[in-house]
Amino acid sequence: MSKEVNIDWGNLGFSYIKTDFRYISMWKDGKWDDGKLVEDNMISISEASTCLHYGQECFEGLKAYRTKEGKIQLFRVDKNAERMNTSAEKLLMPEVPKEKFIDACMQVVKANEHYVPPYGTGATLYLRPFLIGVGDNIGVKPAPEYLFGVFCIPVGPYFKGGMAPCNFNVADYDRAAPRGTGGYKVGGNYASSLNSHKMAADAGFADCIYLDPATNTKIDEVGAANFFGITKNDEFVTPVSPSILPSITKYSLMQIAKDYLKMPVYEREVFIDKLDEFKEAGACGTAAVITPIGGIEYKGKFHVFYDEKEVGPVTKELYRILCGIQVGDVEAPEGWIFEVK
Ligand SMILES: Cc1ncc(COP(=O)(O)O)c(C=O)c1O
């Protein structure tokens, strides 16, 4: 380890901290340059960049974890590379080759190694890869140039209170349109979620649930996380809809539920007025990890799942296995772990 940093690992939130190095690469004249690590966290771009006016940008989020032996590992970074390219294709941006994406993440973690929180603190190093349309342009059309960057920040758990149940309300507005961009990790979805998030927070909820934009009858997302429920028959159920962001954590939990807990797993519609079928529920994502859902307020009624204070046993077990895999305490399925050397 190169250098000591003065951080209270136990009390980290989810806030920007300027770490030492970030990666930047430019796409010009139809190709990517080699990319490099830089110290400056300011980006200088044309005032006419498409990312500023037309939301031509996408991003990713993943974490680096410290193992008991002090090694550093990334969780399923190849899946983030694939998902970013799905978003890029949707917004007519150039592909970032998977090897380039993974190498950029590795370089950033390695260069900021001293910011990877120690094993056992619950804190991690969050990585934010992003791809933005830049260059001189004014018409509504794809940018002439692109910037791919990755920076990192040490973070604590996303929802304050850690593995304690959180309550949610149902948003009055949709985060994405039917047949829109809900299934892609693009900035516009998040801009349109800010108001609903504020309304939920102002009303005392951790965040809001978004219903499917076409019928407003089914659960799509839980803030910036996916929903899962455990039915009274011990099945793992998670919603299916074209406007849900395909969560890498969700697909990992589906595999964990099936292979480690031997549970039947279903991706299917989850109706907001049929929450009684679940004995436990949770929100899952890189930032949220697994956040147990205490209850959901919908049309003036408050539905409690397992308990408002206690975490259900299946949720606890899913959390133990997922986090165990991420920090190297539980054996991972083939190909899930990428060691940073
Ligand atoms: C809208 C939304 N849904 C779900 C997720 C969870 O996805 P993942 O598990 O890949 O982090 C995220 C991102 O973290 C998100 O922004």
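Guide: Welcome! In this predicted model, helix H6 is the element that gives the most to the shell around the ligand, with three residues.

Visitor: Which strand and helix each supply at least two residues of that shell?

Guide: They are strand E12 (225–231) and helix H6 (248–259).

Visitor: And which of the 13 residues around the ligand come nearest?

Guide: Ser 247, Ile 248, Thr 249, Gly 285 and Thr 286 do.

Visitor: How do the residues of the shell around the ligand divide into nonpolar, polar and charged?

Guide: There are five nonpolar, six polar and two charged residues in the shell. Gly counts as polar here, so Gly 285 falls in that class.

Visitor: Let's stay with H6. What makes H6 roughly perpendicular to H7?

Guide: The angle does. The axes of H6 and helix H7 (residues 313–326) cross at roughly 110 degrees and come within 10 Å. Angles of 65 to 115 degrees count as roughly perpendicular, so that is the word for H6 and H7. Their crossing is right-handed.

Visitor: Which residues make the contact of H6 and H7?

Guide: H6 brings Ser 252, Leu 253, Ile 256 and Ala 257, while H7 brings Leu 318, Ile 321 and Leu 322.

Visitor: Which residues in H2 and H3 meet?

Guide: Val 77, Asp 78, Ala 81, Glu 82 and Met 84 in H2 meet Lys 98, Phe 101, Ile 102 and Cys 105 in H3. By class, that contact has six nonpolar, no polar and three charged residues. Asp, Glu and Lys count as charged, so Asp 78, Glu 82 and Lys 98 supply the charged ones.

Visitor: Where does the domain assignment put domain 1 and domain 2?

Guide: Domain 1 covers 9–155 and domain 2 covers 166–326 in that assignment. Their C-alpha centres lie 26 Å apart.

Visitor: How do you know that domain 1 and domain 2 are in contact?

Guide: Two residues are in contact if their C-beta atoms lie within 7 Å. By that cut-off, 19 residues of domain 1 are in contact with twelve residues of domain 2. On the side of domain 1 that touches domain 2, the largest share, six residues, comes from H2. The residues of that side divide into seven nonpolar, five polar and seven charged.

Definitions and conventions
Residues are numbered from 1 along each chain as its sequence is written. This is a predicted model: local features need pLDDT of at least 70, side-chain atom pairs count only at pLDDT 80 or more; totals for chains, interfaces and linings use all residues. Domain bounds come from an automatic or database domain assignment. Helices (H or I, at least four residues) and strands (E, at least two) are DSSP runs, numbered from the N terminus. A residue is near a molecule or strand if its C-beta atom, placed from the backbone, lies within 6 Å of it. Axes are lines fitted to C-alpha atoms, for helices over the stretch in contact, and angles run from 0 to 180 degrees between N-to-C directions. Angles under 35 degrees count as roughly parallel, over 145 as roughly antiparallel, 65 to 115 as roughly perpendicular and the rest as oblique. A crossing is left-handed if the near helix is turned anticlockwise from the far one by less than a right angle, and right-handed if clockwise.
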